[in-house]
Amino acid sequence: IMFAVFLFTGAALPLIIKNRHEQRKGIVSGRSLLLNLLDLVSILLICFGLLARLMHWYGSTQMIFSGMIMLLVAFVLWNISFRREVKLRHIAEEQLKITLKQVEEKNKEITDRINYAKRLQEAIFPSVEFITNELPNNFVLYRPKDIVAGDFYWAEKIDDTFLIAVADCTGHGVPGALVTVVCCNALNRSVKEFKLSEPGAILDKTRNLVLESFSKKGEQIKDGMDISMLSIKNNQLLWAGAN
């Protein structure tokens with residue numbers, strides 16, 4: 001019996017208290033440490049009181065009684081600490097739910113705006129019917145990585161010349177989509193405003209217009225596009241490409 005008492009107090013009890021402290025130290029570390037010490041002292045008093053009673057030593061009853069009172073007090077304090085911990089966790093969970101709801105609402109708002117931007121971006125692309133009228137045997141493969149993208153295709157007809165191009169603008173997502181608007185607008189100006197129809201001349205003018213658009217504030221901007229353009233006129237094909 002004496003060996004079992006010493007084994008429990010010297011080995012098992014510290015491990016139990018250490019495990020309890022590790023589970024709670026992130027929340028009420030100071031309080032849990034004091035309560036663990038109170039547990040240790042109370043159980044040690046009870047164990048030594050039992051040992052003293054077996055050995056017929058004086059004061060065994062007082063040690064057992066004191067240990068039981070301290071253990072009872074520790075139990076009540078642990079219960080209070082646990083209730084406080086549960087309350088704090090409940091408050092934290094409620095706050096987390098509110099934050100998650102706000103994030104979901106903001107994410108939905110941003111997604112709705114990007115979807116609207118997608119419709120605006122698609123409005124500047126030539127229609128499939130327009131391309132089919134000039135090129136009956138055609139297909140359009142457009143698979144953007146994001147909702148909006150930095151890639152676009154372009155087509156226009158000037159008199160008897162049909163122009164078609166595909167371009168990859170710098171950037172992805174919303175930044176890339178903004179560049180596509182600038183670059184597509186420059187192509188339209190080159191053809192409609194400056195009356196150009198030869199692919200090389202169109203791309204040269206488009207480059208100047210894009211640089212002009214991005215350099216109004218005097219900052220050096222490296223945004224632009226890689227583009228491949230083809231013109232069809234009287235069964236003659238002309239091609240130009242640029243980066």
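Residues are numbered from 1 along each chain as its sequence is written, and side-chain values use heavy atoms, with hydrogens and water left out. Because the model is predicted, local features need pLDDT of at least 70 and side-chain atom pairs count only at pLDDT 80 or more, whereas totals for chains, interfaces and linings use all residues.

**Overall architecture**

The protein chain contains five helices and four strands, where helices (H or I, at least four residues) and strands (E, at least two) are DSSP runs numbered from the N terminus. Their order from the N terminus is α-α-α-β-β-α-α-β-β. Of the 243 residues in the protein chain, 28% are buried; buried means under 20% relative accessible area, exposed over 50%, and partly exposed in between (1.4 Å probe, protein chains only). Among contacts (heavy atoms within 4.5 Å) between residues at least 6 apart in sequence, 60% join residues at least 24 apart. The accessible surface is about 16600 Å², and carbon and sulfur atoms account for 61% of this area; accessible areas come from the Shrake-Rupley method with a 1.4 Å probe, and for residues only the protein chains shown count as cover.

**Cysteines**

The whole structure has zero disulfides, a disulfide being a pair of cysteine sulfur atoms within 2.5 Å. Cys169 is in no disulfide, its nearest cysteine sulfur, that of Cys183, being 3.9 Å away. For Cys184, the closest cysteine sulfur is also in Cys183, at 8.7 Å, which is too far for a bond.

The relative accessibilities of selected residues are as follows.

| Residue | Relative accessibility | Class |
|---|---|---|
| Cys169 | 3% | buried |
| Cys184 | 2% | buried |
| Leu77 | 35% | partly exposed |
| Thr180 | 0% | buried |

**Nonpolar surface patch**

Phe65, Ile69, Leu72, Val73, Phe75, Val76, Leu77 and Ile80 make a nonpolar surface patch of about 750 Å². Patches are made of residues with over 30% relative accessible area and no salt bridge; like charges are joined within 9 Å and nonpolar side chains (Val, Leu, Ile, Met, Phe, Trp, Tyr) within 5 Å. A salt bridge is a side-chain nitrogen of Lys or Arg within 4 Å of a carboxyl oxygen of Asp or Glu. Leu77 lies in helix H2 (residues 60–123).

**Surroundings of Thr180**

Thr180 belongs to helix H4 (residues 173–193). Not counting residues up to four places away in sequence, Thr180 touches Gln121, Ile124, Ala149, Gly150, Asp151, Phe152 and Cys169.
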